[in-house]
Amino acid sequence: MNLEKVVFAFFIVLALTLNFGFFIGEIHNPEHHNVYELYAALVVSLIATVMKFGDRTHMGAVLLATSLVADLQLIVAAIVWGWATNINGDGLTEPIMVSIASLSGGALLANITSVVLLVIETVQIRR
Amino acid sequence: MQADTSIVYILLRRLRTPLVVLISVYAISIIGMTLIPGVDDQGKPWRMDFFHAFYFVSFMGTTIGFGEIPYAFTGAQRAWTLVTIYLTVISWLYTIGVLLRIFQDPGFRRLVDYASFTRAVRRIRDPFFIICGYGDTGSLLVRALTERGLNAVVIDNSNERIEKLETAGLPLYVPGLAADSADPAILNRAGLAHHNCAGVVALTNNDKTNLTIAITGKLIAPDTRVFCRAESHDIAANMTSFGTDYTLNPFDSFAERFAMAIHSPSMYLLYDWFTSEHQTPLTEPLSPPGGDWILCGYGRFGKALQRYLASEDMDITIIEADPEGTGAPADIIVGRGTEAETLEKAHVKKALGIIAGTNNDANNLSIIMTAKALNPELFTVARQNETRNDAIFNAANIDLVVERGDIIARKISALIITPLLADFLKFSRPYDNQWANILISRISGVTGNNPPYTWAIEVDETNAPAIYETLNENLSVTLKDLGRDPRNRDARIKCLPLMIKHNQSQTLLPEEDTKLSIGDQILYCGSKSASRNMIYMIQNYNTLSYVRTGDELSSGIIWKYFAGKKAR
């Protein structure tokens with residue numbers, strides 16, 4: 001067992017599960033989307049990205065790319081949230097909640113791709 | 001390309017831990033700020049949201065410290081802030097420390113150097129030469145090339161020498177890399193396969209390295225010219241066998257020039273003029289006497305020198321400190337030559353000249369000084385091994401100083417810059433001192449006291465379109481026409497044709513009425529401004545026509561029409 005692989009897989013899967021937890025629920029209902037979950041998903045996603053730095057294989061490059069996509073989507077979602085509650089002043093209205101949730105849905109797809117790639121790589125090694 | 005990406009990969013890989021630490025510390029600090037209850041300005045319970053927490057931790061982490069916002073903190077919030085201040089500051093220091101350590105890492109710096117070198121080479125748009133070895137010879141050669149506007153790329157295995165290159169103040173930017181030039185990957189990086197690479201010059205002081213460079217050059221880029229320094233004759237023969245264009249033996253070339261200086265001083269002076277890049281004023285030829293000479297040092301140089309001087313009417317006494325090691329004949333005098341005793345044994349008082357030819361500059365100077373004290377009338381010749389000793393050799397007031405690096409550098413730069421000049425020097429060898437004397441006076445008549453500048457013109461469509469067109473109209477152009485001043489055809493520009501090459505046969509010092517034909521190559525010497533005038537003339541049809549016939553041609557269609565009418 002390789003500890004590096006464990007940590008790596010842990011962060012990738014955790015990024016997916018947290019993202020899923022935030023995304024699930026009625027898309028327009030603020031009560032179904034917890035801000036702490038979005039925060040955790042973003043932080044774990046960032047850490048997962050850094051974990052993929054410096055891998056020179058083709059698989060490593062694709063994993064880094066999907067992870068960067070997830071980061072981008074989640075950061076935009078967080079910015080929309082912060083803008084709505086602090087700058088715009090309207091609070092979490094329905095259209096805003098929908099756009100936050102759908103952005104995180106995009107990130108969810110990217111994270112699923114990451115996990116699928118991880119599974120493919122694991123199956124290929126057969127050890 | 002490869003080096004560029006590997007820099008990014010290495011940087012990212014090494015920054016992995018610091019970045020994870022930084023993200024974690026920020027995450028913990030921010031979440032703490034949002035979880036700890038506070039009170040607002042009206043005393044109501046209040047919790048910081050993520051937006052404000054991120055804002056607060058960001059400025060606190062960089063220790064800017066704007067204060068407690070948006071409302072004054074409670075005790076619990078202050079306690080948490082205390083913890084996070086230390087966490088963030090330490091993690092930042094750690095990250096920056098790692099970053100600095102990466103930049104100072106010799107391996108990483110080498111990668112950065114390689115990448116910037118490769119980029120600089122790729123950006124060269126003109127023909128360039130790869131110079132391997134930046135010692136005395138290499139640095140002189142690079143200076144000579146760049147002063148003529150030719151690009152160069154330098155590889156040397158010593159960091160110190162590459163630093164010297166960076167501070168040399170050359171007229172063109174010369175990329176340099178500290179690496180092993182025997183490595184084909186390094187030569188490739190230096191642009192061996194680049195379509196602008198015109199040649200490779202192997203000047204390292206290791207024959208095997210030079211051999212590897214020559215093979216690599218000829219295999220990877222068969223069309224480039226390869227110039228090689230080889231100390232042993234075996235290696236030189238080996239290099240020639242696979243098509244190395246020029247091999248130069250430093251001892252042979254040095255001894256050859258040395259011998260020339262002694263038996264044919266005017267010829268030596270001619271060589272000196274034509275191959276000199278620094279514009280020193282013309283000097284009078286030396287006249288070393290024939291008779292008894294003393295030669296100190298019987299190493300590879302001494303042997304080569306003895307071979308070249310053997311044909312002259314010179315009686316040479318050899319002084320050598322290590323007769324067994326150098327395989328010297330039995331009748332030599334054992335000693336270094338730096339002490340009066342040895343020199344007296346060699347009859348220094350009766351000798352006419354002395355050659356200090358050891359491989360140690362201090363010893364050579366000491367030999368000269370001691371010999372002069374014993375016999376002030378001596379003609380002194382010294383071998384200078386290192387360029388940095390210029391000042392002391394100048395101060396020693398020696399009749400003739402021959403510098404090794406200088407001779408090879410000049411030989412190669414003549415071959416590279418004007419290949420015709422190298423031919424001229426080769427074909428002028430059989431002529432005697434008398435011939436050289438006449439040529440010297442003719443050159444002085446043209447250039448006055450300034451050293452001659454040499455240039456070559458080629459009669460073809462791209463280099464001399466005006467001559468090409470004129471010849472195609474079945475009109476003739478003579479060397480006399482080319483020597484006329486384009487502003488006033490009765491005046492002459494300061495130039496002298498040295499050689500004309502026509503269909504592989506060459507004529508030295510051609511007559512003025514020689515007619516040009518397409519494909520001719522002409523070597524000229526004269527003043528720099530004359531070369532500019534001539535190059536202008538051979539490219540401008542109207543100017544050439546004026547110097548040929550004295551008629552000023554009309555250039556536009558309308559003026560041509562009227563001129564034609566008047567003539568009819």
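What distance separates the centres of domain 1 of chain B and domain 4 of chain B, taken over C-alpha atoms? The answer is 77 Å. A quick word on ground rules: this is a predicted model, where local features need pLDDT of at least 70, side-chain atom pairs count only at pLDDT 80 or more, and totals for chains, interfaces and linings use all residues. Residues are numbered from 1 along each chain as its sequence is written, while chains are lettered from A and ligands numbered from 1 in the order in which they are written.

**Overall layout**

| Domain of chain B | Residues |
|---|---|
| Domain 1 | 2-104 |
| Domain 2 | 124-248 |
| Domain 3 | 256-420 |
| Domain 4 | 452-562 |

Chain B has a radius of gyration of 35 Å, whereas a compact globule of 568 residues would be near 24 Å. That radius is taken over C-alpha atoms, and the globule rule is 2.2 Å times the number of residues to the power 0.38. Along its principal axes, the C-alpha trace of chain B spans about 110 × 90 × 45 Å. Its secondary structure comes to 25 helices and 20 strands, counted as DSSP runs numbered from the N terminus (helices are H or I, at least four residues; strands are E, at least two).

**Where chain B meets chain A**

Each side puts in its share: 13 residues from chain B and 13 residues from chain A make up the contact, with two residues in contact if their C-beta atoms, placed from the backbone, lie within 7 Å. On the chain B side, the elements giving two or more residues are α1 (2-14), α2 (16-35) and α3 (50-61). Of these, α2(B) gives the most, with six residues.

**Cores**

Of the 568 residues of chain B, 38% count as buried. Buried takes 20 or more other C-beta atoms within 10 Å of a residue's own, exposed takes 12 or fewer, and partly exposed is in between, with C-beta atoms placed from the backbone. A nonpolar core is a set of buried Ala, Val, Leu, Ile, Met, Phe, Trp, Tyr and Cys residues joined through C-beta atoms within 7 Å. In the largest one, of 128 residues, I130(B), I131(B), V201(B) and I294(B) touch the most other members. Helix α18 (residues 404-417) of chain B is the top contributor to this core, with eight residues. A second, separate core of 41 residues includes I12(A), F22(A), L46(A) and V57(B).

**The six-stranded sheet**

Chain B has an open sheet with parallel pairing, in the order β11-β10-β9-β12-β13-β14. Its edge strands, β11 (333-334) and β14 (400-403), each pair on one side only. Pairing here requires that DSSP finds at least two bridges between two strands. Strands β12 (residues 353-356) and β13 (residues 379-384) of chain B have four, and G353(B) stands opposite F379(B) in β13(B).

Most residues other than glycine have a negative phi. Q504(B) has a positive one, near 70°, and lies in the loop between β18 (495-502) and β19 (505-508) of chain B. Q504(B) counts as exposed because it has 5 C-beta neighbours inside 10 Å. L509(B) also has a positive phi, about 45°, and is found in the loop between β19 and β20 (521-526) of chain B. With 16 C-beta neighbours inside 10 Å, L509(B) counts as partly exposed.

Technical notes:
Domains from an automatic or database assignment.
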